[in-house]
There are 2 protein chains.
Amino acid sequence: MASFANVTGLDPDIKVMLGSGGFSGEKRRDALCEAMRQHFGDIQQLLFVPYALHDGDDYVQKMIKAGYNADYDLVGIHNFDDPVAAVAQAQGIYVGGGNSFRLIHRLQQNRLVDVIRHRVVAGELPYLGVSAGTNVACPTMMTTNDMPIVQPLSFDSIGLVPFQINTHYYPGQIHIRDENGDYHQHFGETRLDRIREFHECQDVPVLGLWEAGWLMRTDEKLVLHHCPALLFRKDQQPQEIKVGEDLSFLLTK
Amino acid sequence: MASFANVTGLDPDIKVMLGSGGFSGEKRRDALCEAMRQHFGDIQQLLFVPYALHDGDDYVQKMIKAGYNADYDLVGIHNFDDPVAAVAQAQGIYVGGGNSFRLIHRLQQNRLVDVIRHRVVAGELPYLGVSAGTNVACPTMMTTNDMPIVQPLSFDSIGLVPFQINTHYYPGQIHIRDENGDYHQHFGETRLDRIREFHECQDVPVLGLWEAGWLMRTDEKLVLHHCPALLFRKDQQPQEIKVGEDLSFLLTK
């Protein structure tokens, strides 16, 4: 069974930035890139982990072409013969989105989970995760929205923060738009339902992070940026979190 | 790793009915119940598997109160000391919806996967699955939409049909309705994206089943009822399946 590692993350040197995903459009992209420059600072190169998508080369090229590299050199980890050594030498790591099951499966297969955790927690390696890259930064990837297309060894993940994040969060039922532009309600579980189900099985806080929002650790604080969020705790009403709010209280259990 | 069991299911005595979910409202409920009467025939009692939801008693009571039992006596398997014996003695089994990870986890913990498969494939036990109950009737539960709130022993499932089903299927992007009634596009993966990701890792057909649709095996045919569907194969364009179409070709590999 997956465990919830006790990561306190209180060392001020630890740099973690966790984005929800949904950074489409210039405005959202530019806001993300500006925060990335602040987060990673004056380094040249970012080690990019494209494992959540099928084609690593294509992913890296698209990220650069669309300007999501924030002027850093983006180097794909899939091109290294020794990915563990690549992490050991990196100055910054960016774990991209896609399918979280495939991502954690490949991180586990390549024995990267522990080395990433150790270097980030030691304050040596600033971490950026977006979407699936944020899911695997949690103690487990149990609050992903992705389809289980491959079976990982374990749902246990990197555990850079001691709480769970549900990326691409939205409230209420979803609606489907037909070819005439009419909207139809869908009856599948809402995110609220799914997170309640998680809390029927596990007792770890879950932060529902709206698209285009992110958490960033600066000056010993863990601050919510760009979009609001909802904090879910077992058997409690969800708590609204505003942009700029300090979530450091979540770093101590 | 999960395997894709070679279940041909060609024995005419095998009775399998697999619903998508989304049977809300009297009209959809009544259509489902009429098909259930045809499927299970003149028996008294159905063994209901409520494992996909947290509270089994509550689930059974709600099903009966809302009339989803189609006039059968619904008996919850969670109340039996020996659930394997309950399956061995049942005349019909109905596996309900909820969370597919929790459902398969409990089926595995209670050693029910094999006994259900054997009795259904032997033509002794008509099977009805809805939503999660349909996911676990596939070779694996890898095409579920649910959140991985518990880690099952394996993604391998009952395997009553040799293809995968994606329940609650819908096309295109989803939209969120705000408090003013305005709709906003969501940027998460579409079902098309997710099923393509599945086919990047696995080579098994996936039937995208719209809400309120079901498959039913009658007269040696496997027929789609009530709603259209889309059939996805690796590296091929999706194929539209119409109501009334015979999908028996999917039963031979």
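Two strands pair if DSSP finds at least two bridges between them. By that rule, E7(A) and strand E7 (residues 174-177) of chain B pair in the antiparallel sense over 3 bridges, and the bridge partner of A:Ile176 in E7(B) is B:Ile174. Helices (H or I, at least four residues) and strands (E, at least two) are DSSP runs, numbered from the N terminus.

The model is predicted: local features need pLDDT of at least 70, side-chain atom pairs count only at pLDDT 80 or more, and totals for chains, interfaces and linings use all residues. Residues are numbered from 1 along each chain as its sequence is written, chains are lettered from A and ligands numbered from 1 in the order in which they are written, and side-chain values use heavy atoms, with hydrogens and water left out.

**The interface of chain A and chain B**

- Contact (heavy atoms within 4.5 Å) links 49 residues of chain A with 49 residues of chain B.
- The two chains bury about 4200 Å² between them, and 61% of this lies on carbon and sulfur atoms; buried area is the accessible area (1.4 Å probe) that two parts lose on being put together, summed over both.
- On the side of chain A, the residues that lose the most area to chain B are A:Met147, A:Pro148 and A:Gln151, together 17% of what that side buries.
- Between the chains there are 17 residue pairs in polar contact, both residues being at pLDDT 80 or more. A polar contact is a pair of N or O atoms within 3.5 Å; within protein, one must be able to donate a hydrogen and the other to accept it, and residues adjacent in sequence count only if both atoms are side-chain atoms.
- Helix H4 (100-109), strand E6 (164-169), strand E7 (174-177) and helix H7 (191-201) of chain A are the elements that give two or more residues to the side touching chain B.
- H7(A) gives the most to that side, with 7 residues.
- The residues on the side of chain A that touches chain B comprise 22 nonpolar (Ala, Val, Leu, Ile, Met, Phe, Trp, Tyr, Cys and Pro), 10 charged (Asp, Glu, Lys and Arg) and 17 polar (the others, Gly among them).

**Salt bridges**

- A salt bridge is a side-chain nitrogen of Lys or Arg within 4 Å of a carboxyl oxygen of Asp or Glu.
- The whole structure holds 18 salt bridges over all chains, and 4 are found across the interface of chain A and chain B.
- A:Glu200 and B:Arg102 meet through their side chains in a salt bridge (2.7 Å, N to O).
- In chain B, B:Asp58 and B:Lys62 form a salt bridge with their closest N and O atoms 3.0 Å apart; they are 4 residues apart in helix H2 (residues 56-65) of chain B, and therefore separated by about one helical turn.
- B:Asp58 is partly exposed, at 32% relative accessible area, whereas B:Lys62 is exposed at 53%. Buried means under 20% relative accessible area, exposed over 50%, and partly exposed in between (1.4 Å probe, protein chains only).
- A salt bridge also joins the side chains of B:Asp114 and B:Arg117 (2.9 Å, N to O).
- Salt bridges that share partners join A:Arg102, B:Asp193, B:Arg196 and B:Glu200 into one network.

**The surroundings of A:Pro205**

- A:Pro205 lies in the loop between H7 and strand E9 (206-210) of chain A and is buried, at 18% relative accessibility.
- A:Pro205 and A:Arg233 are 28 residues apart in sequence, yet their C-alpha atoms are 4.8 Å apart in space.
- Leaving aside neighbours within four places in sequence, the contacts of A:Pro205 include A:Phe163, A:His199 and A:Leu250.
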